[in-house]
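Here is a short briefing on one structure. Please look through the sequence and the coordinates first.

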Amino acid sequence: MRLRDIVKKMFSGISETFKERSAELIKLELRELENAFTLLVISPLIGLPGPSTITSLRLLPYIERELSQSLNVSRRLDDMLAEMLGYLDIT
Amino acid sequence: MRIIITVGKGGVGKTTTAASLGLALRDRGYSVLVVSLDPAHNLGDVLNFKSRSSRMKILDNYEIIEVDVDEAVKKYLDEVSLMIKSTFKHLSVLNIDKYIDILSNAPGVEEHALMSEFKRIIQENDNKEFIIFDMPPTGLSLRIISLPFIHRSWLVELKKLRKAILDRRRMLKNIGEDVGEIPVDESSDPVMRELDNMLKECDFLVKKLTSRDTVCILVLAPETLPLLEAERALRKLTSLGISVKGCVVNKVLRLREPIPELKSKIEEQERCLSEIRRTFKGMTIVEVPFLEQEPRGVDALRRYANYIDSLVESILRS
Ligand SMILES: Nc1ncnc2c1ncn2[C@@H]1O[C@H](COP(=O)(O)OP(=O)(O)OP(=O)(O)O)[C@@H](O)[C@H]1O
Ligand SMILES: [Mg+2]
């Protein structure tokens, strides 16, 4: 195998892992943003200050998926911490 | 169409001022609608008008509306429930009516309902030249008036957050990740659409309230507490970008002979009057004396209007 090919292969390998890695980070970020959004939307319904109850009710039907995701996350909050530390390579 | 809003502490004379201002404008040939948004109405009483319906014609070109607040709350919640039912169609098991019933006692619903009445009334009475809103006492008034502004800034923040979410989803999709069946564009996201709808409703109100055609009139008595409230209202309204045109200092005691028992009262009054001239400098300030008889009925209100004539003129000039 010529050196060029080796280098090429090496780099493509790196960029693959980079891509995977950044995809995971974007996913994590996305989920955090979705959780924040969901929390803000439902806050008037659970007694926290926030936009009006009516705003909540009007948005609620469209965020079912995010809502159940957030509920899942809060159910396994300990896991999530481990998960995040895993992503950041701290453990 | 122009809007005038009277704001001030309980009992200072907001309703009297609103009714009399309306009469003065009507007598100058304008078509006028005076609306009481105060849950404790006395607009009809001030006009000595006995019939008890929500909309009453007092004279040609002079109508009044007393908004039934309970009815407004009910109407508002009905609208909301209809809207929710149409979106929660698939959740027929959810007993939404029960929930809506409970909502009628939720904090803030009264303000929302009154704001939505405010909107409905200005939309349905576009043919009037003046709509004058007689408001409840300062605190509630300011809460109602600031509602669309607060709501608006929330919606703007929610939109920013939603946009960040859609950006991430799109990024993932672009690098070939399977994001499933979720919306990735603003145009196809129902949440964004709903946020935009709500924003549009707020924008209408914010625009109306901050328009040059809308002015607030502060009503106060020459006493410390009403003055403090009026100053607070002025700061709040100005910070929202709502124009405060003038103030009516009502129930000013003018004694022919000094009365010893009223000496300190008169001193407080004079102190307040000079403070008022300082604080509301640049606005039209009018004084109405404490009248021997309560100014009620069309004739008495016309006499009251003589005292606030320069305010009427300055509204018409602007
Ligand atoms: N200049 C005046 N002289 C004497 N009485 C007055 C004067 N102005 C108003 N009043 C009387 O004071 C009372 C309160 O007036 P009004 O109802 O207009 O106040 P308001 O600010 O609308 O009160 P509320 O906060 O209860 O709605 C009424 O009985 C009214 O007739
Ligand atoms: Mg009143």
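Leaving aside its neighbours within four places in sequence, with which residues is Leu161(B) in contact? The partners are Leu33(A), Ala36(A), Phe37(A) and Leu40(A), where contact means heavy atoms within 4.5 Å. This is a predicted model: local features need pLDDT of at least 70, side-chain atom pairs count only at pLDDT 80 or more, and totals for chains, interfaces and linings use all residues. Residues are numbered from 1 along each chain as its sequence is written, chains are lettered from A in the order in which they are written, and side-chain values use heavy atoms, with hydrogens and water left out.

**Leu161(B)**
- Leu161(B) sits in helix H6 (residues 138–174) of chain B; helices are DSSP runs of H or I, at least four residues.
- Its relative accessibility is 17%, so Leu161(B) counts as buried (under 20% relative accessible area, 1.4 Å probe, protein chains only).
- Gln123(B) is 38 residues away in sequence and 32 Å away in space, C-alpha to C-alpha.

**Helix H1(B)**
- 12 of the 14 residues of H1(B) are buried, so the helix is largely enclosed by the rest of the structure.
- The buried residues include Lys14(B), Ser20(B) and Leu25(B).
- Gly29(B) follows H1(B) and has a positive phi, near 105°.

**Nonpolar cores**
- The largest nonpolar core has 57 residues; a core is a set of buried Ala, Val, Leu, Ile, Met, Phe, Trp, Tyr and Cys residues joined through side-chain atoms within 4.5 Å.
- Ile5(B), Phe118(B) and Phe280(B) are among the residues touching the most other members.
- Apart from this core lies another, of 34 residues, including Ile58(B) and Val248(B).

Notes: Buried < 20%, exposed > 50% of the residue type's maximum accessible area, 1.4 Å probe, protein only. Helix = DSSP H or I, 4+ residues; strand = E, 2+ residues; numbered from the N terminus.
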